[in-house]
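Reader: I would like a close look at a single part of this model. Please keep it brisk and define your terms as you go.

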Amino acid sequence: AQLAHRGKPTCSPGSIAMALYMLLPGARGKTHTQLADALELPPELRRRAGIRRAAGLIGQRNQLLTVHNDLWVQHKTQLETDYTDLLRKHLGVQPRALDFANDANAARKVINTYIAKATNQRIVDLLPANAITPDTRAVLTNALWFRDAWREPFYASHTKDRPFTRTDGSKVAVPTMRNLMTVDCATHDDWICVMLPFAKSCMRLEVLAPRDGKPLVAAETAMLAGHHLSKCRRERIDLLLPR
């Protein structure tokens, strides 16, 4: 709901998951169950093992991937020591004190400035106006910064404006890259998928798009369910992708 009001919404599932992992060891009862369900954690990962799993993801960072997890707490608020010790030990989180109660907007600006620096100015307004109030007592933030080149690069000379179909059926001309490449891809009656590997890491970009005349929700549903993974085969294709 918040993203829908931000103009051109983009979210990182990895960041959302990491924030939930940070909450998990501090939750109890129904809240803990709901968080674990959202993360689709098996029983053996629903306690401290879950945060250790998250720590494994953090441990994979290198010069291509950096991860920032932070806990911002109202000045003089005391958190459970067991909770903060877990965050510090496994996720490298050091609680930072801010005065939300007396100057919520100043606290918001401190967080936004920190995130902007952590993401090389890619995210400059993480918390919009009024996101922080005098009643706020704690804020969890996560920032991911990833930079790598394509294993098979797109050449600027092959990029030109081509038509792109919006979800409402209208068309607009957008700069579109093009390359003949060998990649993992999959086809379905409702959608098509390509997976683009990066040059120096095990990361890849998975792109699912609906076929002509098919709704976007068909591709979204397939991606969330992982249906595309078992169908992927290595093929040589002529790929056109909006820049």
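Author: What follows is a look at helix α5 and the aromatic rings. This is a predicted model, in which local features need pLDDT of at least 70, side-chain atom pairs count only at pLDDT 80 or more, and totals for chains, interfaces and linings use all residues. Residues are numbered from 1 along each chain as its sequence is written, and side-chain values use heavy atoms, with hydrogens and water left out.

Start with the helix. Helices (H or I, at least four residues) and strands (E, at least two) are DSSP runs, numbered from the N terminus. Helix α5 covers residues 104-118. The expected span of a helix is 1.5 Å times one less than its number of residues. For the 15 residues of α5 that gives 21 Å, and the end C-alpha atoms are 21 Å apart, so the two agree. Just after α5, N120 has a positive phi of about 55°.

Next, burial. Buried means under 20% relative accessible area, exposed over 50%, and partly exposed in between (1.4 Å probe, protein chains only). In α5 the buried residues are A104, A107, R108, I111, N112, I115, A116 and A118. They pack against three strands: β1 (65-74), β2 (96-98) and β3 (138-146). Contact here means heavy atoms within 4.5 Å.

Now the rings. Rings of Phe, Tyr and Trp (its six-membered ring) pair if their centres lie within 6.5 Å; planes under 30 degrees apart count as stacked, over 60 as edge-to-face and the rest as tilted. In one of them, W72 and Y114 have ring centres 5.3 Å apart and planes at 80°, so the pair is edge-to-face. This pair ties strand β1, which holds W72, to helix α5, which holds Y114; the two residues are 42 residues apart. W72 is buried, because its relative accessible area is 3%. Y114 is at 23%, so it counts as partly exposed.

Another pair is W150 with F154. Their ring centres are 6.2 Å apart and their planes at 80°, so this pair is also edge-to-face. W150 is partly exposed at 25%, whereas F154 is buried at 14%. Both belong to one aromatic cluster, formed by F146, W150, F154 and F198.

Finally, back to W72. A charge sits over a ring if NZ of Lys or CZ of Arg is within 6 Å of the ring centre and within 35 degrees of the ring normal. R96 lies over the face of W72, 5.5 Å from the ring centre.
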